[in-house]
Amino acid sequence: MFIFVIWFGLKEPEQVHELTNRKGPVNKLKIERRYTPSFYSLLILCLGFMFCWVTYIQWQTSISTYMHLLGFSLSAYSTLWTINGLLILCGQPLIQWLMARLNITMMVQLLCGVIMFMLTFAVLANSQAYGGFVTAMVIITIGEILIFPAVPAIADRLAPNDKSGMYQGLVSGAANAGRTIGPLLGGLFYDGFGPSVLLYSCIFICGFAIICFGTYQRLLNTHHETETVKFNK
């Protein structure tokens with residue numbers, strides 16, 4: 001079915017060829033300089049994305065150990081991921097439609113997603129009942145719907161025509177870095193300080209993600225203001 005969708009459903013995008021003139025080398029230099037601030041913005045955005053993954057991956061590592069410590073069965077843990085999948089399947093189209101309807105910017109979407117992540121770990125840190133884990137899974141799934149599709153979409157907007165693959169590769173690399181660092185960091189905190197410290201630490205790490213997303217937006221706005229001034233001159 002996947003091959004069928006790829007073969008018949010996806011269309012190869014047309015290649016965009018930039019026009020050149022007698023001042024080709026000079027124009028090329030200007031183009032490279034114009035996209036440099038966007039590249040730095042992407043790096044900061046990816047850093048925040050990595051922090052989000054460091055916390056999210058705890059659900060697959062440390063939190064599963066924590067639930068086992070509390071006496072919950074494997075089926076109880078697996079049910080949480082069933083809830084996660086159903087919410088993504090049914091909730092993502094609705095949330096994305098609502099975001100478009102209310103004209104919510106990508107920046108607001110990212111910040112709301114990180115707040116959902118922080119609220120998730122606050123719930124887990126203050127509840128050991130199964131209902132608390134279900135509530136936390138619902139909240140973090142909403143945050144996942146808000147953050148995870150938004151970052152690649154922003155990277156696509158930032159990318160020059162000939163660097164879309166590289167920009168998406170950086171986003172994937174940031175996610176992989178978070179999935180790599182997260183289990184190690186979470187395990188160290190869990191073994192060394194206990195689950196409560198780990199959960200509060202995840203809230204703190206999400207704070208770094210907010211800082212990165214805010215810095216990304218500020219750098220991008222500064223670049224746009226500079227370009228506007230140059231254009232007016």
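Predicted model: local features only at pLDDT ≥ 70, side-chain atom pairs only at ≥ 80, totals over all residues.
Let us start with a pair of neighbours: helix H5 (residues 106-125) packs against helix H6 (residues 130-147) at an angle of about 165°, and their axes are 8 Å apart. Here, axes are lines fitted to C-alpha atoms, for helices over the stretch in contact, and angles run from 0 to 180 degrees between N-to-C directions. H5 and H6 are therefore roughly antiparallel to each other, a label used for angles over 145 degrees.

Residues are numbered from 1 along each chain as its sequence is written, and side-chain values use heavy atoms, with hydrogens and water left out.

Which residues in H5 meet H6? Among them are Leu-110, Gly-113, Phe-117 and Leu-124 in H5, and the residues they and others meet in H6 include Phe-133, Ile-140, Gly-143 and Glu-144. The residues of this contact between H5 and H6 divide into 17 nonpolar, five polar and one charged. For these classes, Ala, Val, Leu, Ile, Met, Phe, Trp, Tyr, Cys and Pro count as nonpolar, Asp, Glu, Lys and Arg as charged, and the others, Gly among them, as polar.

H6 has another partner, helix H4 (residues 74-101), with an angle of about 40° and axes 8 Å apart. H4 passes H6 in a right-handed crossing.

Now step back to the whole protein, which has nine helices and zero strands. Helices (H or I, at least four residues) and strands (E, at least two) are DSSP runs, numbered from the N terminus.

Next, visit Val-171 in helix H8 (residues 164-193). Is Val-171 buried or exposed? Val-171 is buried, because its relative accessible area is 3%; buried means under 20%, exposed over 50% and partly exposed in between (1.4 Å probe, protein chains only). Leaving aside neighbours within four places in sequence, Val-171 is in contact (heavy atoms within 4.5 Å) with Leu-42, Cys-46, Phe-49, Val-151, Pro-152 and Ala-155. Pro-152 is 19 residues from Val-171 in sequence, yet their C-alpha atoms are 6.5 Å apart in space.

Finally, Ser-201 sits in helix H9 (residues 195-232). Ser-201 counts as buried because its relative accessibility is 15%.

Definitions and conventions:
Parallel < 35°, antiparallel > 145°, perpendicular 65-115°, else oblique. Left-handed = near helix turned anticlockwise from the far one by under 90°.
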